[in-house]
Amino acid sequence: EEPGMLTEFEESTGIKVNLKIHDGSDEEMIALMQTSSPGTFDVITPTSAYIPQAIEDGIIAELNPTDFPLDDYFNINAEWPPVWKSGKLYAVVNRFGYYGITYNYKKFSESAVSSYDVLFDPAVKGRVALFDWFLPNMGCLSKYNGNENPYDLNASEFSALGDTLMKLRPQVGLVGNTSQVIQAMAGGSYDLAIAGEWVQAGMYDDGLPFKAVVPAQGGVTWDQAVCVSAKTPNKANAIALVDYLLSPSAQEHFTNNTFEFPMIAGVSPSPLVVNNLGLDFKQDLK
């Protein structure tokens with residue numbers, strides 16, 4: 001929905017993109033594709049966590065890796081396990097970011113938020129906000145518990161994670177959607193959140209005192225991946241759109257995105273874009 005995001009594609013191809021922004025979860029997006037008549041939705045961009053099940057359910061089409069510039073990608077994105085099955089490609093990551101702690105830097109130093117311990121400090125009771133999705137919240141706290149693979153837990157590790165979540169519960173004053181978390185933090189009601197640059201960068205850009213950090217225990221990523229409907233009657237057009245979304249031109253739009261402020265999946269942006277973001281890519285990606 002970024003202004004100008006699709007202009008070049010539509011003008012150069014003559015293909016009109018009819019865009020729908022879903023209002024709820026990725027489950028809703030996939031359900032719309034699954035239950036709508038063929039051609040209603042040809043391309044979707046869910047979080048890759050939902051792609052393995054979509055493959056199993058036959059909702060999305062196999063893609064030809066040679067159709068896309070995967071050689072220009074960071075290996076971790078090109079080889080991202082959820083978008084592959086049995087050596088076959090079903091989606092391509094087109095942007096990503098991270099979850100850690102977003103914090104009010106006028107109240108907390110970077111060293112103070114370098115551990116998730118800060119979330120459990122009695123002094124911040126009621127001042128913590130959570131984005132209402134289990135994957136980042138449970139993933140980050142699983143890392144806090146010392147689980148190297150935060151989503152692959154045995155019964156004992158999962159029980160310990162439940163205990164950690166219950167310990168955090170009194171600290172949390174808000175569980176909300178993206179806009180609710182941002183508005184509440186911008187309004188001064190909350191100082192800390194398990195979140196990333198998608199919450200922090202917009203507020204910082206507006207002059208509000210928020211920064212983001214991945215604590216010493218680590219964090220987890222978010223991403224979006226582009227998929228093509230298995231039932232689309234417009235597959236060639238759909239592939240053309242996917243290819244465009246992975247192009248340097250589209251990726252530069254993503255780096256200037258005013259909503260999520262993502263990192264691009266690997267196609268090198270122009271120096272101007274890097275400078276605008278204030279990023280040292282080599283340093284930030286280590």
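Student: Which residues in helix 5 meet helix 6?

Tutor: Met138, Leu141, Ser142 and Tyr144 in helix 5 meet Phe158, Leu161, Thr164, Leu165 and Leu168 in helix 6, where contact means heavy atoms within 4.5 Å. This is a predicted model, in which local features need pLDDT of at least 70, side-chain atom pairs count only at pLDDT 80 or more, and totals for chains, interfaces and linings use all residues. Residues are numbered from 1 along each chain as its sequence is written, and side-chain values use heavy atoms, with hydrogens and water left out.

Student: At what angle do the axes of helix 5 and helix 6 cross?

Tutor: Roughly 105°, and the axes come within 10 Å. Helix 5 and helix 6 are therefore roughly perpendicular, a label for angles of 65 to 115 degrees.

Student: Switching to strand 4: how many of its residues are buried?

Tutor: 12 of the 13 are buried, so strand 4 is largely enclosed by the rest of the structure. Buried means under 20% relative accessible area (1.4 Å probe, protein chains only).

Student: And how many bridges join strand 4 to strand 9?

Tutor: There are 7, and the two strands run antiparallel. Tyr98 stands opposite Thr221 there. Strands pair if DSSP finds at least two bridges between them.

Student: What is the bridge partner of Ile101 in strand 7?

Tutor: Ile194. Strand 7 is joined to strand 4 by 4 bridges, also antiparallel.

How values were computed: Axes are lines fitted to C-alpha atoms, for helices over the stretch in contact, and angles run from 0 to 180 degrees between N-to-C directions. Angles under 35 degrees count as roughly parallel, over 145 as roughly antiparallel, 65 to 115 as roughly perpendicular and the rest as oblique. Buried means under 20% relative accessible area, exposed over 50%, partly exposed in between (1.4 Å probe, protein chains only).
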